[in-house]
Structure formats: structure tokens, C-alpha cells
Amino acid sequence: MSWKAACPVSDVKQDTLKECTIDGIEILLANVGDGFRAYPPVCPHMEQYLEGSGICANNVMTCDRHLWQWDMKTGEPLGPAEKPLLIYQTKEVNGQLMVFLDEELEYDFDDDDD
Ligand code: FES
């Protein structure tokens with residue numbers, strides 16, 4: 001696979017999340033102010049779709065289901081979150097947000113017990 005066009009960068013506003021599908025792979029896009037990030041679409045805790053349950057403010061994303069939080073730039077967990085967000089590489093080319101899809105990034109939910 002390779003770099004794929006997701007959408008115009010102007011479609012991804014800061015402190016909002018935008019889901020898109022590229023070659024059958026669901027991607028969650030975010031604007032972190034000085035760039036963009038692309039994540040798998042679901043919460044790494046219990047697969048909640050973050051486009052609906054993710055709240056973004058000051059580059060911190062909070063899943064409203066159990067309040068796990070992450071640094072949106074690095075994907076690192078904050079507070080009670082136990083898993084990081086996985087992140088695809090992104091770049092901007094001629095106003096288009098591009099995502100590098102080498103493989104679909106997926107969370108391992110086997111070790112969740114609640
Ligand atoms: S499902 Fe997102 S924090 Fe639990």
C-alpha cells in the first residue's frame with residue numbers, strides 16, 4: 001500500500017474528529033493545530049467509535065464512555081487510560097490530507113475484562 005488521499009485538509013477542523021474510509025479501511029482524522037493525525041476509528045478500551053464518543057480539547061481526546069484520555073499528538077495515554085492511540089503517518093499535499101496505509105492498525109481487545 002502507499003500514501004492515499006483522505007480528504008481536503010480544510011474538512012478537518014481543530015478540536016473535531018472526522019471519520020473516512022480509504023480502500024475499505026476506516027480512519028479517524030484529527031487536526032492538532034500544527035498538523036494532522038490519523039487513528040483507527042475506535043477507542044482502544046472497548047471499541048467505542050470515537051467520532052461519536054471522542055471529545056477533543058487542547059489536543060487531548062477523551063472517550064466519553066469511561067473517560068480514557070490521550071495526547072492527540074503522540075497518542076500516549078493520560079490519566080486512567082491503559083493503552084495508547086495507534087497513529088498512521090500523515091502529510092499534506094496540495095491541500096489534500098494524505099494517510100500512509102501500509103497496513104490496517106488494529107487494537108488487541110483480548111486482554112479487556114470489563
Ligand atoms: S470505551 Fe472508550 S474509554 Fe471505555
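Strands S5 and S6 form a hairpin with two residues between them, and Asn58 in the turn has a positive phi of about 50 degrees. Helices (H or I, at least four residues) and strands (E, at least two) are DSSP runs, numbered from the N terminus. The model is predicted, and local features therefore need pLDDT of at least 70 and side-chain atom pairs count only at pLDDT 80 or more, whereas totals for chains, interfaces and linings use all residues. Residues are numbered from 1 along each chain as its sequence is written.

The pairing of S5 with S6 is antiparallel and extends over four bridges, with Ala57 standing opposite Val60 in S6; two strands are said to pair if DSSP finds at least two bridges between them. A hairpin is also formed by S6 and S7, with five residues between them, and Leu67 in its turn has a positive phi of about 65 degrees. S6 and strand S7 (residues 69–71) run antiparallel and are joined by three bridges, and Met61 stands opposite Trp70 in S7. These strands belong to an open sheet of four strands in the order S5-S6-S7-S8, with antiparallel pairing, in which strand S5 (54–57) and strand S8 (77–78) are the edge strands, each pairing on one side only. In S6, Met61 and Cys63 make up the covered face, while Val60 and Thr62 lie on the uncovered one.

Apart from its neighbours within four places in sequence, Ala30 is in contact (C-beta atoms, placed from the backbone, within 7 Å) with Val12, Leu17, Phe36, Arg37, Cys56 and Met72.

Positive phi values also occur in two loops. A residue is buried if 20 or more other C-beta atoms lie within 10 Å of its own, exposed if 12 or fewer, and partly exposed in between, with C-beta atoms placed from the backbone. Asp23, in the loop between S2 and S3, has a positive phi of about 50 degrees although it is not a glycine, and Asp23 is exposed, with 9 other C-beta atoms within 10 Å. Glu47, in the loop between S4 and helix H1 (50–53), likewise has a positive phi, near 65 degrees, in a residue other than glycine, but Glu47 is partly exposed, with 14 other C-beta atoms within 10 Å.

Definitions and conventions
Contact = placed C-beta atoms within 7 Å.
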